[in-house]
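Please keep the sequence and the structure in view while reading.

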Amino acid sequence: MTKIDAIDKKLLFELFQNCRRSDKEIGHNVRLSKQSVNYRIRRLENQGVIRGHTISLDKSKFGLSRFTVFLQFPKEVSLEEAIKRLKKFEQISTIIECLGKWDLYATIWAKDTGDLHKIIKEILIQIPINRISILSVIYSHMLLYEILKQKEIQKLHYTRPLKFRKIKLDSTDTKILEILKADSRESITKISEITGLSITAVRERIKKLVNAGIISRFFSAIDMAKLGYQEYQFLCKIDSRKYHLIDHFIDFLKTIKEVSYILQTIGEWNLCFSVYCNNPEDLRSFIKKINSHSDNILVDYDTVIIGHVV
């Protein structure tokens, strides 16, 4: 486990909210000079706590729907080889290793259920799979690692689209997105050099992508395992007779700092949420907490131990 101090935690919290802000602006919020912010970021990168800086793309703006897929492979299947093959699918944006019943879960973006069927069919042709669970994501809420937040109140820096309007992307927009996906803290000057656009033009294009909702967040990817946290994902079935209470339960989950994100889904499970715990006792305490505040709306739930992003 990597030891960090309270200032590092504040810095990580700020970077996970919006890492594209300048070192000076971030320094103002954590009460450090821009030089100290830069030094700490580089140190956290070298320690592996910060795995990189990237963006969250809302592909629904391209007319795509989001699906979460859990995969279980036969014992003879090499997990490494399965991951290698899955990475070749451009429709898959995230692949994460799991421990327990499931081996992997992935995020797939598809035009519709027909398109999803084609993607899943191709996956099944290439990779032997014992079991698959497909969830259609209809709602998501990112809680921005409240577990890192200190006692003092800090303003949340959500990247919010100002206008929900579709825009047509050209090759330059696509290139800018590729650059920001690789490093969302890349300077405007460097992006200008790569694309051949003026600094003003680059700034305006990024602003356009944010305002259109295509870029939903600029954030630093944090390896919480380095800080001593284990991630667990809860897959929940909601009692259909008490489905009207689901919003109340979700609001309760939002108050728990250990919860990092919540997905409302259609499929085998109705609700998924991710939790960070320091140890098994913290996990047991969390389970007792949700059981006592769930209004008995949970018919069943499964817990998945989350490994690392691949």
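## Overall architecture

The chain's secondary structure amounts to 10 helices and 10 strands; here helices (H or I, at least four residues) and strands (E, at least two) are DSSP runs, numbered from the N terminus. The chain is as compact as a globular protein of its length, because its radius of gyration of 20 Å is close to the 19 Å that the globule rule gives for 310 residues. That radius is taken over C-alpha atoms, and the globule rule is 2.2 Å times the number of residues to the power 0.38. Along the principal axes, the C-alpha trace spans about 55 × 45 × 40 Å.

The model is a predicted one, in which local features need pLDDT of at least 70 and side-chain atom pairs count only at pLDDT 80 or more, while totals for chains, interfaces and linings use all residues. Residues are numbered from 1 along each chain as its sequence is written, and side-chain values use heavy atoms, with hydrogens and water left out.

## Burial, surface and contacts

Of the chain's 310 residues, 45% count as buried. Buried means under 20% relative accessible area, exposed means over 50%, and partly exposed lies in between (1.4 Å probe, protein chains only).

A contact means heavy atoms within 4.5 Å. Among contacts between residues at least 6 apart in sequence, 77% join residues at least 24 apart.

## Charges and salt bridges

Side chains of opposite charge can pair when their charged atoms come close. A salt bridge is a side-chain nitrogen of Lys or Arg within 4 Å of a carboxyl oxygen of Asp or Glu, and by this rule the count comes to 16. In one of them, arginine 21 pairs with glutamate 14, with the closest N and O atoms 2.8 Å apart. Arginine 21 is buried at 7% relative accessible area, and glutamate 14 is buried at 1%. Another joins aspartate 58 to lysine 61, with a closest N and O separation of 2.9 Å; lysine 61 is buried, at 17%.

Elsewhere, salt bridges with shared partners join Asp5, Asp8, Arg40 and Arg43 into one network.

Threonine 172 also lies in helix α6, which covers residues 171-182. Apart from neighbours within four places in sequence, threonine 172 contacts Thr195, Leu197 and Arg205. Threonine 172 and lysine 61 are 111 residues apart in sequence, and their C-alpha atoms are 18 Å apart. Aspartate 170 sits in the loop between β5 (131-142) and α6 and is partly exposed at 32% relative accessible area. Its C-alpha atom is 34 Å from that of phenylalanine 13, a residue 157 positions away along the chain.
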